[in-house]
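Work through the exercises below with the sequence and the model open beside you, and try each task before reading its solution.

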Amino acid sequence: MKKALLILHLLLPLLVFGQTFPDNVLESDCNRPILGSAWEIQLLESSTGDDVASYSPVMVGDIDGNGVTDIVVAKYNGNNYRSREINVYSGSDLSLQHSFTVPDTIYLSNGPYAIGRYPKADGTMQGAIFTHCYDKRIRAYSINGTLLNVSDQPTSCDGMVSLADFNGDGYPEVYAGSDIFDAATLHWLCSGPNNGNKGLSYRGTPAYSNGVYHHTYYAMSLAYNALGDDTQELICGNTIYNVNIVSRTNPSQNSITVNKTITPPNGCSQDGHTCIADFDLDGETEILVIRDDTNDQIVDNTYFYAYKPSNGQILFEKPHRCASSSYVFIGSIDTDPYPEIVLLENQPNGSTEKIFCWRYVPQSGLQTVWSQNHNDRSGQTAMTLFDFNQDNIMELVYRDNNNLRIINASGKSHVTGNDTIRPYNIYTRTMAAGTGCEYPIVADINGDGIAEIVATGLLDQHFNYDIGYGNIHVFGSPSWGSARPVWNQYMYHVTNVNENLTIPTFCYNAATVFTAPDGTVRRPYNNFLQQAGYIDQYGEPYNPGGLTEVGINGSGCTAFVFHGVTYNESGSFQQLVEASNGCDTLYNIEVSIGGTVTYEWWQQACNAYTWNGVTYATPGDYTQEFVAPDGCDSIVTMHLSFDLYPESIPAIYGPTEVYVSTDLILGEFHYSINPVGLAEHYEWELDGADWTMDTMGTACTLTIYHPGTATLRVRAWNGCGFSEQEIVIHAGFFDINDFQTISAALYPNPAHDKVTIEAESIVRIKLYNLQGQCVWDYPVNQADHVELPLPFLPPSLYLVEIQTAYGIARTKLKTEPL
């Protein structure tokens, strides 16, 4: 097994043709190869104490500059989405380093804190945790809880606190909404108009405290160079502000002025949450706005639209009917070059809630790529993205009420590469968590040069409504790519913070295209809420490496030769092998010389394995002896293990005879299988009909809008192959003809305990529910008058089919409780 040695190397921004790249673009002699399977994932560390708020966003970075990444998270303070305490943990072992109280409560679901470093008057750097509290003051704390500064003015709204260097002078600012303060002193510098946009939209599950819910707007504004003029603007929904800061001590010399305000789509009000991406791939970054006018107890339209900052053109718009939504992430999750937009919806009263994935393509507009059900109670948790196995396709990282999941939404199986695969879980770990607007993050928190996932909750426990607390948990794999060691604010983008928590003095264009000598085109920054690894100047994933240490055994009759070095006696040796790419390897060699030479090796197979003419059909340790002419015989031991095929799938559960209707039947039918032993993931396929399919592991939902016949097939996969099962589904059309051809009567309607049906020569009566399923099949011996008892039917609307000797009539029946 390989063991990576920690090598100290300085990561500096790469300067190519006069252009300074973000600090994850590196030039190094050593590109560490990724070995093994990326999906052999382990729990690396967990904090202790069960006192972390699971709905608290997690921030990471080296706050005090000691070379160790720090983890910042709020302490649990009851299920009211509020906290007055902040904990700081060490990224190396999750030990609690500091815990301190803030003088006024912070509301956890609105991204209330950010971390960064700024220069002090004496030239040294100060690390700080910035909090946005209920009194609308921003406070700065050192890593140990020392209060550094309090803003000299309150902000004009609740909302996310973020960092930027608007004027590029090396002294960053902190902002919330349209209010900007000096990060080093928290002196107020400037604000937008009192009645102007602030990046506001309803956001977050309302916090219950002191007998009332906290229903309000939250600001999610964004600093970005949207106009390409080498300075950062402040973007607040559909308004772009010019920011002019010339003095850190005299606010009268500073100003925020409106550059342009875009007319929102019909029905959508001003302002909104803000994020950015180049959706049409024309090299200009567009602004995506999310606006909801009501709190999450009211179902109405949440508006999503994107506009071009250069001319105000609305690229696409989509009203989505829901109670509220999560903050979106943007990134490339499949092989299509256009970025995807993914979000969760919140629907009230137990209604089905979905994750939606949209994509804008210039020729066809905004399209739904896929949707699938989720089980997050708040319906507002966000997701993050990362390319764990460095195939240039991002995986989704999501923690809901019950599980931490890594999701493959690329449309292709990560095992077979087959197409038409719905999103499915590559990795799942049970984790109970109350949810708000938080998300798991990806970062290198322990300095091993490899990405880790950081999430909060109660590990291996199931959710109940009282859980809002837990621990910090860190997951990883030695076969993952590298990641930056920082995630400093809720509205995170790779280009808005350096790895050492300082703030860039320039704003790198997220739409920048990297072109390799072979013509390969990459857009590594065309995303939002996505962590980055390291890349070279062509955008190719890059893993800065160093010395790798490997242990091996060697033997021979008279000598053992390894990489040109001859060993003539037994013993322990070290040999350094230098590589042309700078990735040197230190081999620890155990040498045995003379006598019988022994070897051992490990072999995996899916079934029988043949070695040297002998077939082995069961796993175990097998030894063969080889006789050499020189008398130096060999004894070789093979450790054989089998990766068995998945067990068989006995049945697919769900209706095979269904009906659809243009106006009544919902057309949503559910299918499932029992978990299959030895299966790693599941694939569902539908052949023969153009119906919509949503899948999640062992479950599948079909939305059937028109009649037809199709085969539903499921496969249970692992590395050896698959087992499969299928069923044939017939969907008929239920036509409501209201007795137009056959004389019949049905009364009373609505009915309570029974209903009377009259028609000439009735031979059979069938009742269907609104899912198109037959709930009662009642044969009749050619009667003209039939009374049906109804106590067994739950109150609902049913479709009645009356079969007679002369034809069929269909109508509606409503049942009500007694």
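**Exercise 1: Domains**

In this predicted model, the centres of domain 1 and domain 2, taken over C-alpha atoms, are 48 Å apart. Residues are numbered from 1 along each chain as its sequence is written, local features need pLDDT of at least 70, side-chain atom pairs count only at pLDDT 80 or more, and totals for chains, interfaces and linings use all residues. Side-chain values use heavy atoms, with hydrogens and water left out.

Task: state which residues the domains of the protein chain cover.

Solution: the assignment (bounds from an automatic or database domain assignment) gives domain 1 (43-520) and domain 2 (546-591). It continues with domain 3 (595-640), domain 4 (655-731) and domain 5 (742-813).

**Exercise 2: Ser201**

Task: determine whether Ser201 is buried or exposed, and list its contacts.

Solution: begin with strand β18 (residues 200-202), where Ser201 is found; strands are DSSP runs (E, at least two residues), numbered from the N terminus. Ser201 counts as buried because its relative accessibility is 1%, where buried means under 20% relative accessible area, exposed over 50% and partly exposed in between (1.4 Å probe, protein chains only). Next, leaving aside neighbours within four places in sequence, Ser201 is in contact (heavy atoms within 4.5 Å) with Tyr217, Tyr218, Gly272, His273, Ile290, Arg291 and Asp292. Finally, the Ser201 side chain reaches the backbone nitrogen of Asp292 at 2.7 Å.

**Exercise 3: Cysteines**

Task: find how many disulfides the whole structure holds.

Solution: the search finds zero disulfides (pairs of cysteine sulfur atoms within 2.5 Å) in the whole structure. For Cys157, the nearest cysteine sulfur, that of Cys236, is 8.2 Å away. Cys157 counts as buried because its relative accessibility is 6%, whereas Cys774, at 37%, counts as partly exposed.

Methods
Helices (H or I, at least four residues) and strands (E, at least two) are DSSP runs, numbered from the N terminus. A polar contact is a pair of N or O atoms within 3.5 Å; within protein, one must be able to donate a hydrogen and the other to accept it, and residues adjacent in sequence count only if both atoms are side-chain atoms.
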